Each structure stands twice: as C-alpha cells, then as structure tokens.
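Here are my notes on the model you sent.

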Amino acid sequence: MCGILGYVGLDNAVDVVHKGLEKLEYRGYDSVGIAYQQNMKVVIQKEKGRVIDLAPLLKNKNSNIAIGHTRWATHGEPNKLNAHPHCSNTNRFIIVHNGIIENYQKLKVEYLSGYDFISQTDTEIIVNLVELFSLTMSINEAIRKTMSLLEGSYACLILDKKNLNCIYFFKDKSPLLLGIGKNGITLSSDITGLVGYAEQYVALEDKTFGIAYANRFYFYDIIGLKLEPNIKSVQVSSSEIDKKTFTHYMLKEIHEQPLMIRSILQKYFIGDEVNIPLKLINKMRKCDKINIVACGTSMYAGMMAKYYFEKLCSIPTEVFCASELIYSTPLISKRPFFIFYSQSGETADVLAVMKKMKKQKFPMLCITNNTESSMGRLTDFCLDIYAGKEIAVASTKAYTAMIVVSSILARAVSGVRTNLKSNLKGVSLAMEKVLNNKEICLGIAKDIVNEKDVFYIGRGMDYWVCLEGALKLKEISYIHTEAFPSGELKHGPIALIHKDTPVIAIITQEGTNRITRSNLTETISRGAKGFVISSKGLSLPEDTFIIPNVAHYLSPLVSAIVIQLIAFYTALLKNNDIDKPKNLAKCVTVE
Ligand code: M6R
C-alpha cells in the first residue's frame, strides 16, 4: 500500500506534494514524510500521523523539487523513524517507496554488510544498493542493477543530492504514473495525485525506470533500452474528488448511488439494447464455467454476479477469494472464463491470480472502477463500472455499481430480452426513498452502538448482502459483526446470542421470507434484540425498515443502502474516523 508523490517544475513542489499526498492518503495513513530542496540542500520532514500533521512544518516552504510518502506500515511499526523518505548512508540519495521487498534480508547480508540501517524498513536496502552501485557505475546503471536484484513489489522515487534538478523513478508491480503538466512533471501512485498539475499522463509498465526533469522525461527498460511513452489524457476532474456539502466521503458516496445507476444505464444501453462488446459476449458464451475472483466487498458483489450468470445465462459460476486461490488452484474446467472484480484494479491478491491465469492464456475480463489500473491494462476485456472516484476506505457505490454492471453483462450474454433497464431505473428510485428515510438507520445505529457483537442473518441473496453489511459495520465501527445464513444459526452460532445481542435480518425474497423470520424469532426467544429490513410486499407493520419493492433479483441493491447507512451512523456515533478507519487502506497492494 502507501502512496508516493513527486514533483519537479515551476510550481511550489512542497505544496504540490503535500496536497497530492492528501489525495493519496486513502492508500495508507499511519505516517507521512516529504523531502525537498532548499538552498541546494535536501530538507526532510516526517511525522507519525496524517498528512495534515506535516502542514505546520511546511508552512512558507518553497522548492522546485520534492518527493513524499504516506505510509501503511508493512516492515516496522508506524513511527517517525520508519516513516519515509529514507536516506542512503552518505545521505547522497533519498528515497520514497511503495511496496514490499521480499528478499531484503538476503540483499542486506550479501551486499550491504558495512552499512548502517536506521529504520526497520525494507526500503533502506534499495537506497543503499543504489548508493553502493553508483560508486562504480552511472546512476542509471546503478538503478538498473538494483532493480535486477529486488524481489517483491516497488514503485520508488529517488533524489540525488548531487543533481537536484531531476527525480529518478522505477517500478515493478506497484503502480506509478507520470503526469505531464504545463509547469512540470508529477509522479504519483494514482491519477488523483496528478489532478490539477497534469493534463496528460503515462502509466509506467513493470520493470521500467526513468528520469523526470521539469520539462522533459525519459523512460528505459531494465536493460537500458529507451522506451516510447504511451501518453493519455487525465480524465479525472477536481470536482470528482471534492466532498461537496457532505461531512464524509462515505456519506457522499452512499448518496451518489441512485444517480450513478442512471449514468451506468446511459453507458451500457443504447435505447433498449445492451451495449457490451460482441467479442466479449461471444467469448463468454463459449465458456463452460465462469470463475469470479475478488476480495472483500468486490467478492461479495461477485456473489450476486454468480446468481445472474447462473440464472440468466445457465453458465456454472464459482466465486473465489483471490488470496486463497493464489495458493490452491482448483480444478479448472476445459473452457474457463475468468472475471476479476476490483474497485481499484490494483489489489495485489487479485492481480497475482490474474497474472497466473494470464500465463495459462485463459480468457479474462476485469470489472473495475479504474480501467487504467494494473488489472485494467493486463486483462483481455475490461468493463468500467462508472462509479466515479470512491475515496472512503469502506466501499459503497463500487459494490452496487459492480452488481448493476454484472446484471447488464449477464443480460447481454443470455441474449434474452428482459425489462432490466426499467427495473434498474426502479432501483434508482427505491434507493432515493431509502435515503429519504435514513433516520431509521440512525435509530438502528443508536440501538447497536454500545453492543459488543452484532449479527446479520438472511438467506440466498439476502445472506450475501448480510456478508457485506457485516464487513461494512466491522470495518468502520470496530464492532465485532458476523453474517450467517439464517438456517445455520441453530448449528452453532446461536450459542453466541445473549441478552440484547443485536440480530439484523434481511428479508427481501419471497421463498425464504417466513423461514428467516422464524430463525430471527428463535434468537429473540433467547434474548436477542431483533431488527428486520424487509421488502414492502413481504413486510410486517412492526418491521424496522420497510424498503420499496423492486424486481426480486435487484433487491440487494436497495437493502445495500440500508446496511451502508447503519454502518455509517454507528461509526459516527462512536466518533470514529469514518473515511479512514484504523489499520485499513483503500488500495491493498500487498499480498
Ligand atoms: O479495490 P478492490 O475492490 O480490489 O478492493 C477489495 C477489498 O480490499 C475492498 O473491497 C475492501 O474489502 C473494502 N475496504 C471494503 O469496504
């Protein structure tokens, strides 16, 4: 994880890097640091804490060049010592690094025996290797030699005190973009870090290194051959990353969902015809099994997609947790098709599986919010979920967008005409109605905020939303929350129910309505505090939140808003840092 940012040019580099790091903070936020040039010397400022904590140290500082880092600790606890930038032993080179060097201990012993190490990070190895090799080689060669030894993932920026007009950069597996602006060059872990300072950008390929000056840049491959950059235009605007009138990004992103559905419809429908590339549809029609690979919320969206592919297209589908699949490859069918779901398109576990399957030449599709990401670039086919930038660590709109796009894709592959488009418009209206009654979720939050455990129960699709509800609640409220298929309670988990344990049942499916209610009653008889989120046609007057009716296979899109709001308000009542919950990061680029 971690975010890195560098700038060289006419604007104040200290400001550019500091503001850019704020945008990258979702990638990690336990410590922060910046290095900049002042009177031909390099000044380094670090803090344990947030990007904002650096502000007093950077007031009125001006520079043509700077590099910075916001950290999610991997090697070494989050403290000032381990915060980046790090220096080489003679202080000639200064580095920021995103990624993990797996063989750093070995390299330390083999090459750097006389060197001192101040921090517990793997990063100091990189910068000292560059220094060591630069004693006998040019800097370019020293970096290439260093890259050839590193195992793991890295995106690095380096300043050389002897030449403070340029930034050296190199990467493998971790993302890095180079932004081209009128006044200078920006380097960033993602595109938001470039907004405002670059109109065009280049996404670096793995094992690339280069040099950026204020008005020019050069790319090379690992053997030193000059590369021609593939320049694209920056499409993200600053308004997309503005919180607007909302107090939190998460709340803003929850509210964006009704409109988002309409814009997805505009992208994927021409009139009533689905607009999905025919080549992709044909490829999917030829497969004998769909394998969905993802993590976290994206995996839960994948569960809904499985339902669509099986019910609408009659294609057997299995959902895999990416981090499990890497190390235990299942039996692969004769004509498999892989779909990778990832909001960020950078999740290391998913990317690792993708690379593995790519080697075997299996056809693949990536469904992502970031088509220019590592996954977006690696895949055969890519579908944009058009959720717009999602900044809160807890994913909300990307979840519903993935489900919507999956339903459209399944409809296209099935070739069967349905009223999906008007049904999805109905979902958008239903979501608005839920948002208009959000105080009910605040009421539920008040009832659960002081509890130690919360349980979500449901069956089928409702259970899949429960999984997402439990993930949302635990990650931002820090309350232990589990989801169970309601029928499983009596096989063990019901032992956990004691007086006032909150049990939230989701009931939106006709076939399982009665039985889930009975299961909830069984917990209430044992002291639980029961809450029911039900669809109008299946509701009882005493239910906690009665959501509008929509087509039954789309109801998770509506109940999702309720579980998101419950999590949001519970975290709000606890005064937690909702957009940046502890121990987490938005983009999980380590396995
Ligand atoms: O970017 P991705 O969709 O690949 O991320 C996957 C998970 O890390 C992500 O969904 C995570 O579970 C969220 N924090 C959930 O809110």
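**Notes on the ligand site and the chain**

1. The ligand sits in the second largest pocket. A pocket is an open set of points on a 1 Å grid over the protein atoms alone, where a 1.4 Å probe fits, with protein on both sides within 12 Å along at least five of seven lines. A molecule sits in a pocket if more than half of its atoms lie within 2 Å of its grid points. Two elements, α9 (296-313) and α16 (461-477), each give two or more residues to the shell around the ligand. Helices (H or I, at least four residues) and strands (E, at least two) are DSSP runs, numbered from the N terminus.

2. Please keep the source in mind. This is a predicted model, in which local features need pLDDT of at least 70 and side-chain atom pairs count only at pLDDT 80 or more, while totals for chains, interfaces and linings use all residues. Residues are numbered from 1 along each chain as its sequence is written, and side-chain values use heavy atoms, with hydrogens and water left out.

3. Around the ligand there are 15 residues, and S298, S342, S344, T347 and E475 come nearest. Near means a heavy atom within 4 Å. The shell holds 5 nonpolar, 8 polar and 2 charged residues.

4. Which side chains make polar contacts (N or O pairs within 3.5 Å) with the ligand? E475 places a polar side-chain atom 2.3 Å from a ligand oxygen. For T347 the distance to a ligand oxygen is 2.4 Å. For S298, a side-chain N or O atom is 2.5 Å from one. The protein buries 90% of the 410 Å² that the ligand exposes when taken alone (Shrake-Rupley method, 1.4 Å probe).

5. The whole structure has 24 salt bridges, meaning a Lys or Arg side-chain nitrogen within 4 Å of an Asp or Glu carboxyl oxygen. One of them pairs K207 with D172, at 3.2 Å. K207 is in the loop between β11 (200-203) and β12 (208-212), D172 is in strand β8 (residues 163-172), and they are 35 residues apart.

6. Check the backbone too. H84 and P85 are joined by a cis peptide bond, with omega about 0 degrees. P85 is in the loop between β4 (65-71) and β5 (86-87). N91 is not a glycine, yet has a positive phi of about 70 degrees.

Terms used. Polar contact = N/O pair within 3.5 Å; in protein donor to acceptor, adjacent residues only side chain to side chain. 1 Å grid on protein atoms, 1.4 Å probe; cavity = no way out; pocket = protein on both sides within 12 Å on 5 of 7 lines; lining within 4 Å. Nonpolar A, V, L, I, M, F, W, Y, C, P; charged D, E, K, R; others polar.
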